[in-house]
Structure formats: structure tokens, C-alpha cells
Amino acid sequence: MLKQFVFLLPFLSRLFHVVMAGGERLTNGGFSPEMNPFTPKASLVRYWNKQIQHQSPGSAFLLSKASPLTAVASATFAKLASENALPDRLPDFCSAANLFCFPDLGPTLEKHSNDVKFSVYDQRNFTNYGGTIHPGGADSFKKYSQNGNVVTDSFRRYSRDAAGHEDKFTSYADNSNVVEENFNSYGTSATGGSGDFKNYQSGVNNPTSRFKAYSDDGNGRFQTFKTYTHEANAGPGQSFTSYGKNGNGAPNEFSSYGISSNVIGSDFSNYGENGNAANDTFKGYGGDGNVPRNNFKSYGASGNAAVDTFLNYRDKANVGDDSFSSYAKNSNFEKVDFVNYGKSINPGSESFTGYGKGAEGNKIDFKTYTQNSTFKDYAKTGVEFAKYNQSRLGGGKTVNKWVEPGKFFRESMLKEGKLIWMPDIKDKMPKRSFLPRSIVSKLPFSTSKIAEIKCVFHAKDNSTMEGIITDAVRECERSPTVGETKRCVGSAEDMIDFATSVLGRSVVLRTTESVAGSKQNVMIGKVKGINGGRVTKSVSCHQSLYPYLLYYCHSVPKVRIYESDLLDPKSKAKINHGIAICHMDTSAWGANHGAFVSLGSRPGQIEVCHWIFENDMNWAIAD
């Protein structure tokens with residue numbers, strides 16, 4: 001064995017020298033002599049030096065995204081992937097490879113009968129808390145899971161069969177990134193007491209909450225959702241299934257729910273079904289939001305003497321769609337008030353199917369309601385329309401608030417001395433790394449294999465992870481736009497291959513230096529046009545949310561690329577170095593594209609520029 005090792009030593013020495021030489025060329029001496037030449041990072045260095053013919057300032061940036069796996073771990077997980085055995089080692093794989101995975105929260109039979117205050121815990125399984133026949137008392141979740149990256153909590157059989165028990169969720173999961181909360185059989189068969197959700201999931205990037213059988217068979221239990229998902233962004237939304245079903249005298253209040261949020265959806269399925277004297281209030285729900293979507297299915301069906309109020313619902317929102325299917329169907333003496341409902345800036349749509357059908361003694365009022373509503377198979381009696389079908393407000397002008405200032409700008413702004421508002425270019429995705437090609441090539445990735453992907457990453461049906469996986473794969477398989485060449489890549493080697501296939505091997509990789517200057521005015525310093533400022537072609541790569549680092553890379557025709565120093569307007573000191581791309585041909589863009597909403601033009605009439613955000617990148621032909 002020793003002789004064999006001595007025989008291989010010159011070969012290993014030469015190989016190591018290649019890695020070190022490449023490392024010096026790639027990262028200016030960023031490798032230590034102790035580095036193992038068989039790691040994914042060392043392999044990437046060799047691949048870069050083989051494929052790229054030009055020194056690039058962005059090479060170290062790409063190398064920072066390489067897999068942190070050791071040589072042994074990389075080989076082990078590659079073997080497991082080839083044998084379809086990765087699901088059995090998922091926690092180890094996620095940890096070692098720096099992936100984005102939700103923890104597996106298994107059920108527990110542990111019981112908790114005393115009052116509890118939670119303030120510092122994360123990713124917990126709260127089962128049987130506020131337990132069986134819990135008289136009085138309170139549990140408080142205050143500032144829980146704040147500022148987290150990936151937050152997932154499970155509340156199962158929480159406050160079940162309790163009497164007069166209060167639960168308070170205040171500033172829960174605020175300003176976190178990807179949040180998934182599950183409330184299953186929460187407050188079931190409870191008498192009295194209350195559940196108070198205040199400042200819940202506000203400012204979250206990807207919020208999801210599921211309330212299943214929440215307060216089912218409850219008696220007089222009061223639920224309040226106040227400032228819920230305020231200023232949240234683009235989450236799968238909130239799901240209320242069998243909420244308050246068979247309840248008795250259970251008032252629920254949704255106040256300031258989803259205010260100023262972006263593309264948030266809520267599903268109310270079998271909500272308050274067979275309930276007695278339910279009292280639900282939706283006040284300021286979805287107001288000032290961007291494209292809110294709400295689905296009420298079998299809401300209040302077969303209920304008795306319920307009172308539902310929709311006050312200033314979706315007021316001043318942009319577009320938005322609501323669906324009311326079998327709402328209050330076969331109910332008895334149901335009273336529903338729609339006041340200032342759906343007064344959107346730009347008109348959305350409302351669909352009422354089987355609304356109030358078969359009900360007895362119902363009274364439904366629509367006051368100051370808007371256009372674009374469809375009433376199908378609707379109750380013919382007990383319905384009053386007052387000031388219905390009014391024109392929309394504001395002519396659509398204030399919708400500009402939903403296009404972040406500075407996100408799009410004209411090419412003329414890239415002049416030295418100009419003041420320009422810098423958008424928030426901070427990366428809001430979970431921190432992840434590429435997978436080695438030896439692993440990613442063995443993992444399923446197509447819409448036809450969603451079930452297999454879910455199995456690998458332990459994504460349950462209707463879970464947040466299932467939605468993340470499905471959305472990413474579908475976007476990757478979407479047909480390219482006119483003139484676009486695209487590919488999704490999960491390894492650095494695949495990205496290099498795509499960029500060089502479009503641009504050739506003499507390329508330069510660039511990215512904006514930092515997030516300095518975000519959300520403030522900056523001054524444009526020295527500007528340089530790449531490729532002499534001529535119209536050229538490039539490859540831009542943008543992150544997609546996925547368990548491992550996944551980039552959507554594409555090349556579109558007729559662009560100009562610029563790099564510019566960004567200065568503090570007062571001191572004139574350099575604070576950042578930005579990369580901007582200007583699309584010279586926008587004729588194939590949609591008329592409702594945010595760029596035209598922001599800049600006030602139409603497709604094909606203007607060029608549109610934007611910055612390369614943190615952790616996104618641009619490849620261009622070397623000058």
C-alpha cells in the first residue's frame with residue numbers, strides 16, 4: 001500500500017499544483033495549501049480554468065456558491081442519490097450541503113397542562129399544549145420566531161377541550177423569510193376563552209398558515225386576527241379548513257388582515273359550516289394589497305342565525321380576485337353585509353356561485369360594490385344591491401406603489417453626477433449552496449417527477465415546500481419568450497456551460513458589489529459601458545426559491561450592460577459598484593409589466609434598465 005501511495009505521489013502533486021495554480025488565477029490566492037483537491041470547490045476551480053479563457057473579477061463570487069461538501073461526503077451523497085436513498089439521510093444532507101429544508105416535525109403524545117410563555121423557541125412541535133380540559137389560564141407567544149430564515153411550527157390539538165383558556169400570538173414570526181405554521185385541531189371543542197393573533201407574520205417574505213379544524217365544535221370561543229400578514233410578500237397564503245365548524249356563538253374578527261401585502265391568497269373552506277349564531281367580521285381585509293386572492297367555499301353553509309360583515313374589504317387594492325362558492329347555502333336566517341367591498345384601484349373580479357341558495361330568511365346587502373362581478377345560480381330573494389357596479393377609484397394611478405421605486409429606470413439616468421433612487425437589492429432568499437454536478441445530475445427535476453422530488457425533500461401534500469418545488473420546476477419548464485434562450489442550473493458547472501454556450505469561452509462574470517445604498521438616493525459615479533457600450537448579448541442569472549441553489553439563467557436579445565460606481569450624494573465617497581442591464585427592445589413585454597406601470601409607457605416605445613441584485617449575476621463577452 002505504501003509503495004502504491006509513493007507511486008501516486010507525483011501525480012497527486014501535479015494535480016494539486018493545477019488546483020493551486022487555478023485557485024490563484026481564480027481567487028487571487030484564496031486557497032490554503034491544506035485544501036483537499038477532490039472537494040467540489042476544488043473541482044469547480046479546475047473546471048473554470050478549463051472552460052473560461054479570460055480572467056474574471058466575478059470568479060471568486062461564483063466560487064463562494066460552490067458546495068461546502070467534503071470529498072468523502074460528496075461521494076457518499078452522490079452514491080445515495082444514484083440509489084434513490086437520499087430521503088433516508090435528508091437531515092444530514094441538508095446540513096452538510098447547506099440546503100434549504102424544512103425540519104420534520106413528528107407527532108408527540110407529550111401533554112402540557114400548565115400555562116406557558118414562549119419567547120425564544122423556534123421550529124417546535126406544539127402538541128397537546130393548553131391540554132385536555134384546561135380550565136382558564138393563558139399561553140403567550142410574544143415576539144416568537146422573529147427575524148428567522150426558515151420557520152416552521154406545528155400546533156396540533158392545542159387548547160383542545162379547554163375551558164376559558166386564552167392563547168395570544170403577538171408579533172409572531174415577524175420579518176422572517178419562509179414561514180410555515182400548521183394549526184390542526186386547534187381549540188377543538190373548547191368552551192369560552194380566546195385566540196388572539198396580533199401582528200402575526202407581518203413583513204414575512206413567503207408566509208403560509210394552515211388552520212384545519214380550528215375551533216371545531218367550539219362554544220363561545222372568540223378568535224381575533226389583527227394586523228395578520230401585514231406587508232407580507234407573495235406567499236401561498238392562509239388556509240382555513242373546517243374553521244369554526246359546528247361552533248356555537250363563536251365570533252371571529254379579521255381586522256387589518258393582509259393589509260399592503262403583495263400577492264397573498266386565503267382559502268376559507270367549510271368555514272363556520274353548521275355553526276350556530278356565528279359572528280364573523282372582515283374589516284379592512286386585503287386592503288391596499290396587490291392582487292389579493294381569496295376563496296370562500298361552503299362558507300357558513302347550513303349555519304343558523306349567523307352574521308357576516310365585510311367592511312372595507314379589498315379597499316384600494318390593485319386588481320384582486322375573490323370567489324364565493326356555496327356561501328351561506330342552505331343556511332337559516334343568515335345576515336351578510338358587504339360594505340365598501342372590492343373598491344379596487346384597478347378592477348378585480350368577484351364570482352358568486354350558489355350564493356345563499358336554498359337559504360331561508362336570509363338577508364344579504366351589497367352597499368357601494370364594484371364592477372366585474374359574476375352571480376351564478378344565486379338566491380333570488382333576500383338580496384339587496386345598493387349603489388352596485390360603481391366605477392373604480394383613482395383611474396389606476398396609485399398602483400405605482402406596487403412597483404418598488406428605482407426598480408426600473410431609463411438609460412439616461414446612467415450619467416455621472418445623476419441622482420437615482422436605489423431599490424432594495426438585498427437578497428431575500430434563504431442562504432443555500434450549489435450542489436456538485438455529480439449529485440444534482442442524479443436528482444429528479446421535471447413536472448412529471450414532482451412526486452419523486454417531494455419524496456427526496458420530504459415535502460408533504462399541500463405543504464409550503466410542495467408549492468416551492470412546483471413553482472420553480474414549472475417556471476424552469478416554461479416556454480421561452482420571443483428571442484429568449486433559457487436554462488435552470490443547480491450546479492456552478494452547469495451555469496458555466498450555459499453561459500459559454502451562448503457567449504463563447506471568453507467571458508466575464510459580474511455582480512453588484514454589495515447592498516450599500518439600498519432604499520436611498522445614490523449618485524452615479526464613473527460609468528463604463530461593457531463591450532464599448534454597444535448593443536450586445538449577455539446572460540443574466542437570477543435565483544429561484546428551491547431546496548438547493550437554483551438559478552434561472554437566460555439571454556435576451558438587444559441589451560446594453562453598464563458598470564458604475566455608486567456614490568454617497570453628500571460626501572461623494574464611493575459606497576458601491578453596481579451592474580446594470582438595459583433592455584433596448586421591449587416590444588415583446590406585456591403591457592402590464594411593472595416597468596411600464598412605473599415609467600409610464602408601453603411595450604416597444606422605451607428601453608428599460610434595472611440593477612443586478614445581490615447574489616444575481618451577469619455574464620458578458622470579454623472586452
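This is a predicted model: local features need pLDDT of at least 70, side-chain atom pairs count only at pLDDT 80 or more; totals for chains, interfaces and linings use all residues.
Me: Which residues of helix H2 are buried?

Reply: Residues are numbered from 1 along each chain as its sequence is written, and side-chain values use heavy atoms, with hydrogens and water left out. Buried means under 20% relative accessible area, exposed over 50%, and partly exposed in between, with a 1.4 Å probe and protein chains only. In H2, the residues that count as buried are Pro40, Ala42, Leu44, Val45, Tyr47, Trp48, Asn49 and Gln51.

Me: How far apart are the end C-alpha atoms of H2?

Reply: Helices (H or I, at least four residues) and strands (E, at least two) are DSSP runs, numbered from the N terminus. Helix H2 covers residues 40-51, and the expected span of a helix is 1.5 Å times one less than its number of residues. The 12 residues of H2 should therefore span 16 Å, which agrees with the separation of the end C-alpha atoms, 16 Å.

Me: At what angle do H2 and helix H9 pack?

Reply: Axes are lines fitted to C-alpha atoms, for helices over the stretch in contact, and angles run from 0 to 180 degrees between N-to-C directions. The axes of H2 and H9 (residues 492-503) lie 10 Å apart, and the angle between the two helices is about 10°.

Me: How is H2 oriented relative to H9?

Reply: Angles under 35 degrees count as roughly parallel, over 145 as roughly antiparallel, 65 to 115 as roughly perpendicular and the rest as oblique. H2 and H9 pack at about 10°. That makes the orientation of H2 to H9 roughly parallel.

Me: Which residues of H9 does H2 meet?

Reply: Contact means heavy atoms within 4.5 Å. From H2, Ser43, Leu44, Tyr47, Trp48 and Gln51 take part. An α-helix has 3.6 residues a turn, so residues three or four places apart point the same way. On the H9 side, the partners are Ala492, Glu493, Ile496, Asp497 and Thr500.

Me: How many of the 12 residues of H9 are buried?

Reply: The buried residues of H9 include Met495, Ile496, Phe498 and Val502. H9 is largely enclosed by the rest of the structure, because the number of its 12 residues that are buried is 10.

Me: How many disulfides are found in the whole structure?

Reply: A disulfide is a pair of cysteine sulfur atoms within 2.5 Å. With bonded cysteines counted along the chain, the pattern is 1-2, 3-4, 5-6, 7-8. A search of the whole structure gives a total of four.

Me: Is the link of cysteine 94 and cysteine 101 left-handed or right-handed?

Reply: The sulfur atoms of cysteine 94 and cysteine 101 are 2.0 Å apart. Cysteine 94 is buried at 9% relative accessible area, and cysteine 101 is buried at 17%. The torsion about their S-S bond is -75°, and the link is left-handed.

Me: Which strands hold cysteine 541 and cysteine 553?

Reply: These two cysteines are joined by a disulfide with an S to S distance of 2.1 Å. The torsion about the bond is about 115°, so this disulfide is right-handed. The pair ties together parts that are 12 residues apart in sequence, because the two cysteines lie, respectively, in strands E26 (residues 538-544) and E27 (residues 550-555).

Me: How many residues apart in sequence are the parts tied by cysteine 582 and cysteine 609?

Reply: Cysteine 582 is buried at 0% relative accessible area, and cysteine 609 is likewise buried at 0%. Their link is right-handed, with 105° about the S-S bond. Cysteine 582 lies in strand E29 and cysteine 609 in strand E30, so the separation of the parts in residues is 27.

Me: Which residues does alanine 620 touch beyond four places in sequence?

Reply: Alanine 620 lies in strand E31 (residues 617-621). At 0% relative accessibility, alanine 620 is buried. Beyond four places in sequence, the residues touched are Leu503, Ser506, Val507, Val508, Arg510 and Ile530.

Me: What is the mean pLDDT of the chain?

Reply: Of the residues of the chain, 49% reach 70 or more. Over residues 1-25 the pLDDT is below 50, and over residues 387-399 it stays under 50. The mean for the chain is 75.

Notes: pLDDT is the predictor's confidence in each residue, from 0 to 100.
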